[in-house]
Amino acid sequence: MSSANPPGPSSARRFPLADALRLGRPSDIWFKPALSVVVAVAPPNLTLLALGRLDLAMYTMAGSLCALYAHSRPYAARARVLARVVAGMLGGLAVALVTASLTTNAAVLVTVGALLAAAQKTLCDATRVGPPGHVVLAFVSSASLFVPQSLGQVPGHLALGAAAGAWAWAVGMAPGLVRPHGPERRATAHALNAAAVSAAAPDDPRARAAAAAAVHTAWTSLLSTGARSAPRRALERLVVRAEVALAAPTGTDPERLRGWARDLSGTGPVPSPDGLGAAADELLGVDAALAHGEPPLLRRLRPLAPIALRTALGCALAGYVSLALGVGRPYWALVTAASLYQANVTLTWSRGVQRVTGNLLGVAAFALLVPLAHAGPAALVLCCLALNFGAEALIGRNYWLGSVCVTPMALLITEFAHVQRPGELMTDRVLDTLVGALVGFAAAVAVTNRRAGDRIEDALASLGRAQERAAGLLAEEGPPPGELESARRGLSAAVVHLRSTADTAAGEWWRRALPEERVMRAEQAGHRTLAATVRRQGLHCWEDARA
């Protein structure tokens with residue numbers, strides 16, 4: 001969080017090198033995307049190997065890599081998201097292949113690649129697809145632009161991608177046969193653990209904000225479909241318990257929350273919290289929450305205009321500079337630039353440090369692996385499968401660590417068509433990494449996001465309206481059924497949105513001073529009103545649950 005008196009536009013900013021490279025804890029489901037991508041990639045690649053057509057592997061990999069997405073989504077929602085990802089992947093691939101068949105002008109190809117990357121970034125952010133976001137889509141479409149192509153080959157190549165995409169969809173959905181409520185259980189466990197941390201440190205605003213965000217995420221997961229089975233209803237009641245802990249931290253037993261979170265691992269029955277009584281029926285308010293729905297896509301796209309412009313400009317300039325330097329694969333510079341862009345400049349800088357570090361180490365790893373990969377086509381395919389697994393297993397700890405596996409995998413994929421000269425590949429990759437990172441970051445600094453402060457004002461106003469509505473209902477003797485719950489849900493979302501907006505704006509380098517005191521006071525008032533609504537709805541502190 002920024003200081004109380006943030007520096008003005010001319011002040012120097014600290015470059016957080018150590019923080020950018022620090023390793024975090026692995027995701028609790030790190031093995032799922034790692035195994036999924038191997039299962040999705042292996043059958044198509046091994047089939048092409050048996051047919052002697054590894055040159056077609058890049059088209060099947062376009063579909064196979066869709067298995068990386070939506071692992072945190074409930075399965076009903078995952079089915080929709082994966083289908084959209086496959087459609088988006090095929091759409092980008094189609095544009096790239098048609099363009100490649102119509103022109104070989106490198107500047108035109110770079111321009112199309114930059115525009116595609118900007119569109120992919122914007123749509124992924126607006127729809128909150130989640131990791132790996134636009135990077136995999138941009139990698140596939142940009143690389144496809146520079147593959148020699150005829151218009152008559154395009155339908156067949158797209159058919160290969162579609163077949164592999166259908167297989168990836170099936171791979172992504174398969175775990176639901178064994179653990180149908182796994183994603184919702186994990187989201188609920190995270191909410192309970194975050195609420196336990198907040199209850200153990202009730203004066204820590206960061207812990208409280210993190211707990212509120214985790215609870216909001218859990219509700220988003222549970223309400224992503226209308227189907228409400230008995231296990232889902234039990235999970236809803238556990239999320240209610242996390243909300244009660246936020247409202248009454250001094251009366252909460254954190255260990256009990258953690259115990260429920262532990263019980264949600266595996267496939268055992270969902271624990272049933274006691275003490276909720278009939279009051280939980282109003283607090284759950286699922287019907288009211290389902291009625292709100294998502295804001296229109298256009299409204300979600302509008303705030304992302306600066307990020308889209310940064311992506312388009314940075315990717316295009318990186319590709320042009322790479323061409324000017326005579327590098328044979330300018331799409332590597334383009335994809336490096338595309339991978340940098342995050343919610344603000346500070347996060348973009350950190351991603352740049354991670355990308356350069358991981359790519360340089362990955363080039364060194366490629367030098368060690370290339371003798372093994374050149375032992376034959378089967379060895380090449382197996383090396384790529386191992387690197388696929390390693391990338392997804394490690395990237396959750398830090399982006400640079402996963403890039404150590406992604407980089408040699410990308411280099412080896414270029415050899416599916418024919419063996420390349422390792423020295424030339426490594427030189428091009430190092431140059432394109434440095435060009436993409438430097439030019440891409442320069443574009444992020446040049447394209448300012450001065451409206452970030454305005455969005456804080458909008459978020460403050462939205463929170464004020466939500467709080468006024470909730471306070472008005474609290475003042476009534478008997479508010480209409482469901483109204484108080486609907487107001488509480490709106491207020492909770494407004495508090496989370498304000499914190500997210502403030503954090504994003506704080507990471508922009510060239511901006512006016514932020515109203516941090518007002519944000520802090522608004523958050524505190526919002527949490528107090530939320531606590532009052534929970535108490536009004538008949539749910540009190542932990543001792544009441546034991547009575």
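This is a dialogue about reading a predicted model of one protein.

Colleague: Where do I start: how many helices and strands are there in the protein?

Modeller: Start with the secondary structure. Here the protein has 24 helices and 0 strands. Keep in mind that the model is predicted.

Colleague: What share of the residues is buried?

Modeller: A residue is called buried when its relative accessible area is under 20%. Of the 547 residues in this protein, 53% are buried. The protein exposes about 23,000 Å², and carbon and sulfur atoms supply 64% of that area.

Colleague: How many residues does the largest nonpolar core have, and which have the most contacts inside it?

Modeller: The largest one here has 53 residues, and L65, Y69, M89, L412 and F416 have the most contacts inside it. Helix α4, residues 75–102, gives the largest share of this core, with 8 residues. Apart from this core lies another, of 30 residues, among them A191, L192, L238 and A531.

Colleague: Take M89 as a case. Which residues does M89 touch?

Modeller: Leave out residues up to four places away in sequence. M89 then touches A62, C66, V136, L137 and V140.

Colleague: Is R186 buried or exposed?

Modeller: Compare its relative accessibility with the cut-off. R186 counts as buried because its relative accessibility is 10%, and buried means under 20%. R186 is in helix α8, residues 182–200. Beyond its neighbours within four places in sequence, R186 is in contact with D28, I29, K32, H71, R78 and R179.

Colleague: Why does G396 count as partly exposed?

Modeller: The class between the two cut-offs, 20% and 50%, is called partly exposed. G396 has 48% relative accessibility, so it counts as partly exposed. G396 sits in the loop between α18 (377–394) and α19 (399–413). Sequence distance and spatial distance are separate things to read. G396 and G24 are 372 residues apart in sequence, while their C-alpha atoms are 7.6 Å apart in space.

Colleague: Now cavities. How many of 30 Å³ or more does the structure hold?

Modeller: A cavity is a space where a probe fits but cannot get out. This structure holds 2 cavities of 30 Å³ or more.

Colleague: Which residues line the largest cavity?

Modeller: The lining of the largest cavity consists of A212, V215, E243, L246, A247, R488, S492, V495, H527, L530, A531 and V534. The elements that give two or more residues to this lining are α9 (205–222), α10 (230–247), α22 (483–506) and α23 (516–536). Among the contributors, α23 gives the most, with 4 residues. By class, the lining has 8 nonpolar, 2 polar and 2 charged residues. A531, named above as part of the core of 30 residues, is also one of the lining residues.

Colleague: What does V496 touch?

Modeller: V496 is in helix α22, and it counts as buried because its relative accessibility is 17%. Not counting residues up to four places away in sequence, V496 touches A212, A213 and H216.

How values were computed:
Residues numbered from 1 in each chain as written. Predicted model: local features only at pLDDT ≥ 70, side-chain atom pairs only at ≥ 80, totals over all residues. Heavy atoms only, no water. 1 Å grid on protein atoms, 1.4 Å probe; cavity = no way out; pocket = protein on both sides within 12 Å on 5 of 7 lines; lining within 4 Å. Points joined across faces, edges and corners; volume = space filled by probe spheres on them. Nonpolar A, V, L, I, M, F, W, Y, C, P; charged D, E, K, R; others polar. Core = buried A, V, L, I, M, F, W, Y, C linked by side-chain atoms within 4.5 Å. Buried < 20%, exposed > 50% of the residue type's maximum accessible area, 1.4 Å probe, protein only. Contact = heavy atoms within 4.5 Å. Areas by Shrake-Rupley, 256 points an atom, 1.4 Å probe, with all protein chains shown as cover.
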